Amino acid sequence: MLKTETIVVVGGGAAGFFGAIACAENNPAAKVILLEKTNKLLAKVRISGGGRCNVTHHCFNPNQFIQFYPRGGKFLKAAFKEFGATETVAWFQKHGVCLHTEADGRMFPDTNDSATIVNCLLRAANQARVKVETSLGAEKIIPLNTNLQPEFELQLSNGNTLLAHKVLITSGGAPKSENYQWLRYLGLTIQEPVPSLFTFNVPTSPLKELAGVSVPKARVKIAGQNLENEGPLLITHWGFSGPAVLKLSAWGARILQQLQYHFTILINWVPEHTEETLRTFLLRYRHEFPRRTVAAHPLFNLPHRLWKALIQLVQINEQVKWAELPAKNQNKLLEYLLRAPFAVQGKTTFKEEFVTCGGLDLSEMDAKTMQSKKIPGLFFAGEVLDVDGVTGGFNFQAAWTTAYVAGKAMANL
């Protein structure tokens, strides 16, 4: 039975729009109002994926999908079974947007333009009769604690108040703890926010001159910690980036913050090798090609410039042939191929995107509805939750999923 309720969504990003649309489509009798405190709607959608919008990831098994979340994977499992990547692809297709999959599993609109996703969401919200208000924020939410409807009073940034039966908060992740104070006033527990998905600054890196050089597979380990990740690695003019580093920063977000972003990384340029197999390979190569110059013939498909830089780091003369290579230099080369050390001193936000680890404590949330266990009628979705995924479309999928589940629950409860 449809209820003529007023439902307010706080936040005009991906989760806000998706939740508002899901609610309005499931209960056309509801008055759904979306508030965005800035004058820009769907700002993060516009810039994500280099302006292409990485909508989701080509992984249609919820049990596998949850493994890409350093925090919140277990919490999302039931929600992904209701609305996962399969349902996301179908939803956008139904609303006129086809997605394609790239070699690394990321899924983008066929237009390769984030405006396609933005326009799709704006159009769907309009068709569902969602009332969208910009430059209008909710500064305080007051539960009325009565058995009468409506349940909430919202104090708005323009000085007015708004009464609502249910509220969905999709205000996004925030890098500063004080940004969550308005939720703490409600008695909700906030896991302290710390950055996730960032690149490593290595001011003393001897490889800075190789900015732009990449390897398809390297293993990066944090020295002294049980933290490592494997994947493509990019050398930058400030240090290191690429999926291997970004994913490592996500899994180690809290530990790296405790280390104040000063630590040593060990890069394995040949992760397919163990120390034993690498030693055997180098000895055999030396035996087979004794007259070859070490520096002139890169091994393991490493870029020539990188190979030469590593040779210089282990102090091998550019004219030295394999037959003349001293054992101590060969051992040092082996060490640098497996465990090249670099001193990280700080971080850099990945492009214009930021992801935070932290937010609303998941133990206080009903995973089947996204409703607060403490305050009935108050729902949450997107990055305001203590959920974050690695790069590759996983954070957007968490937004679509939690927002859809919340929107549907608000319409039906």
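**Contacts, a sheet, a proline and a cavity**

Mentor: Let me start with contacts: in this predicted model, residues 24 or more positions apart make up 71% of the protein chain's contacts with a separation of 6 or more.

Trainee: Okay, and how many helices and strands does the protein chain have?

Mentor: There are 13 helices and 22 strands in the protein chain.

Trainee: What does the C-alpha trace span along its principal axes?

Mentor: About 90 × 40 × 35 Å. As for burial, 53% of the 413 residues count as buried.

Trainee: Let's talk sheets. In what order do β7, β8 and β9 come?

Mentor: The order is β7-β8-β9, in an open sheet of 3 strands with antiparallel pairing. β7 (138-143) and β9 (161-164) each have a single partner strand, so they are the edges, and one side of each has no neighbour in the sheet. From one strand to the next, the twist averages 20°.

Trainee: How many bridges join β8 to β9?

Mentor: Strand β8, residues 152-156, is joined to β9 by 4 bridges, and the two run antiparallel. If you want a spot to look at, find Glu153, which stands opposite Leu163 in β9.

Trainee: Switching topic, where is Pro232 found?

Mentor: Pro232 belongs to strand β14, which covers residues 228-235.

Trainee: And why does Pro232 count as partly exposed?

Mentor: Because its relative accessibility is 37%, and partly exposed lies between the 20% cut-off for buried and the 50% cut-off for exposed.

Trainee: Which residues is Pro232 in contact with, leaving aside neighbours within four places in sequence?

Mentor: Val215, Pro216 and Lys217 are among them, and so are Ser241, Gly242, Pro243 and Ala244.

Trainee: What separates the C-alpha atoms of Pro232 and Arg305?

Mentor: Those C-alpha atoms are 17 Å apart, and the two residues are 73 residues apart along the chain.

Trainee: Last topic, cavities. How many are there of 30 Å³ or more?

Mentor: The count is 1 cavity. The largest cavity holds about 50 Å³ of space.

Trainee: Which residues line the largest cavity?

Mentor: Its lining consists of Gly382, Glu383, Leu385, Val387, Asn395, Ala398, Ala399 and Thr402.

Trainee: What does that lining look like by class?

Mentor: The largest cavity is lined by 4 nonpolar, 3 polar and 1 charged residues.

Trainee: Great, thanks for walking me through it!

Methods:
Residues numbered from 1 in each chain as written. Predicted model: local features only at pLDDT ≥ 70, side-chain atom pairs only at ≥ 80, totals over all residues. Heavy atoms only, no water. Pairing = 2+ DSSP bridges. Axes fitted to C-alpha atoms, helices over the stretch in contact; angles between N-to-C directions. Buried < 20%, exposed > 50% of the residue type's maximum accessible area, 1.4 Å probe, protein only. Contact = heavy atoms within 4.5 Å. 1 Å grid on protein atoms, 1.4 Å probe; cavity = no way out; pocket = protein on both sides within 12 Å on 5 of 7 lines; lining within 4 Å. Points joined across faces, edges and corners; volume = space filled by probe spheres on them. Nonpolar A, V, L, I, M, F, W, Y, C, P; charged D, E, K, R; others polar.
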